[in-house]
Amino acid sequence: QKSISVIMFRCVQTGTARRLRPGLVRWASASTGREGAQYILPTRWNIGLLTVPQGQMWVIERFGKYLKTLEPGLHFMLPAPINRIAYVHSSKESMFNIASQSAITSDNVTVGIDGVLFMRIVDAQKASYAIDNPIYNMINLAQTTMRSEIGHISLDRLFEERQALNRGIVEAIGREASSWGMECTRYEIRDISVSDQVRKSMDLQAEAERLKRKQVLLSEGEKAAAINVAEGEKQKRELLAEAEKVTVLKCAQAEAQAIELTAEATAKAIEKVATAIQQNTHSPEAISVSVAQKYIDAFSNLAKQSTSVVLPANLSDPAAMVTQAMTLWKTLGVDQTNPNKHASLPANSATSESKQ
């Protein structure tokens, strides 16, 4: 009787006071207690004309056996006690608070954690007959599942993998909820609390981690700077070597072109001289005079180039010197009419040279 009065008071406070059947109230109170009774919706007396509100499902029994589930709308049926409204369920997705509780992580740290559970009833028959007070038992299942999932991860991963933990809890609850005619849509961890000592340790660890990242970033910056300097020096040397190579090549090409041009000019000059000698009958006398003049000029410059000078014996006889130079030119010269025949030295010239 005390349990009946408590439930009737809750219905009056919410403005939905209805006459509850004592048998249903005793069943709810005895099986789940006052905590579970708040999740059971009150039923109505069947008078034959039933109007099911939108968002609700009514389970009908005939002589104590399941008959059917009424969807929202107007329904006509035999009145009680033949057909009675046994259970009333909400088909809307509802949110339920999961009270804060203690859990132990895999590294033996005690944490306080709470959350919210979103679920809805999809099968009124299973929710009525497969389990007693499905919503209340789902909340308890969520609490135990949350403690079990937290026991598999460490404290550091607990803060990092909150989304993965939520998915794991939903999957674990979903496996049981399907057989109860319920669906767990999602679970969200709301708050995670630790002791003051653990919080201080976490702050020190975070500070050490920040210092470590700072040192790593500084070292990486110095490394990158050194690499950039070495790379710049390497590129500098490569460019200098390339420039020197180009300079040497340019100088060699210029020298080769100069030699080639000089050779071409010399060849053209020799060709013109040879052509002039062939065309002029007095060319040998002119060449003799030119050679004699150069011979004399060469002797006049000997003392300027060296301190030791070797002079011929007939230095006082210029005519003999000119004759000797002309004889040498004629000896080394090639006969224009017969290029393969060399002129021989005169006998008296050779004799005079041997005597000298």
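This is a short chat about a predicted protein model.

Visitor: What should I know before we start?
Guide: The model is predicted: local features need pLDDT of at least 70, side-chain atom pairs count only at pLDDT 80 or more, and totals for chains, interfaces and linings use all residues. Residues are numbered from 1 along each chain as its sequence is written, and side-chain values use heavy atoms, with hydrogens and water left out.

Visitor: How many helices and strands does the protein have?
Guide: The protein has 11 helices and 8 strands. These are DSSP runs, numbered from the N terminus: helices are H or I with at least four residues, strands are E with at least two.

Visitor: How much of the protein is buried?
Guide: Of the 356 residues, 27% are buried. Buried means under 20% relative accessible area, exposed over 50%, and partly exposed in between, with a 1.4 Å probe and protein chains only.

Visitor: Which residues in helix 6 are buried?
Guide: Among them are Leu165, Ile169, Val170 and Ile173.

Visitor: What covers them?
Guide: The cover includes strand 7 (110-121), helix 4 (134-150), helix 5 (155-160) and strand 8 (182-194).

Visitor: And helix 4, which residues are buried there?
Guide: They include Ile135, Met138, Ile139, Ala142 and Met146. Helix 4 has 17 residues and reaches 24 Å.
Guide: A general point: an α-helix has 3.6 residues a turn, so residues three or four places apart point the same way.

Visitor: New topic. How does strand 6 pair with strand 7?
Guide: Strand 6 (residues 94-104) and strand 7 pair in the antiparallel sense over 9 bridges. Two strands count as paired if DSSP finds at least two bridges between them. Ser102 stands opposite Gly112 in strand 7.

Visitor: What sits between the two strands?
Guide: Strand 6 and strand 7 form a hairpin with 5 residues between them. Asn108 in the turn has a positive phi of about 60 degrees.

Visitor: Ser128 next. Buried or exposed?
Guide: Ser128 counts as buried because its relative accessible area is 5%. Ser128 lies in helix 3 (residues 124-129).

Visitor: What is Ser128 in contact with?
Guide: Leaving aside neighbours within four places in sequence, Ser128 is in contact with Val59, Tyr87 and His89. Contact means heavy atoms within 4.5 Å.

Visitor: Last one: is Phe76 buried or exposed?
Guide: Phe76 counts as exposed, at 64% relative accessibility. Phe76 lies in strand 4 (residues 73-76).

Technical notes
Expected span 1.5 Å × (residues − 1).
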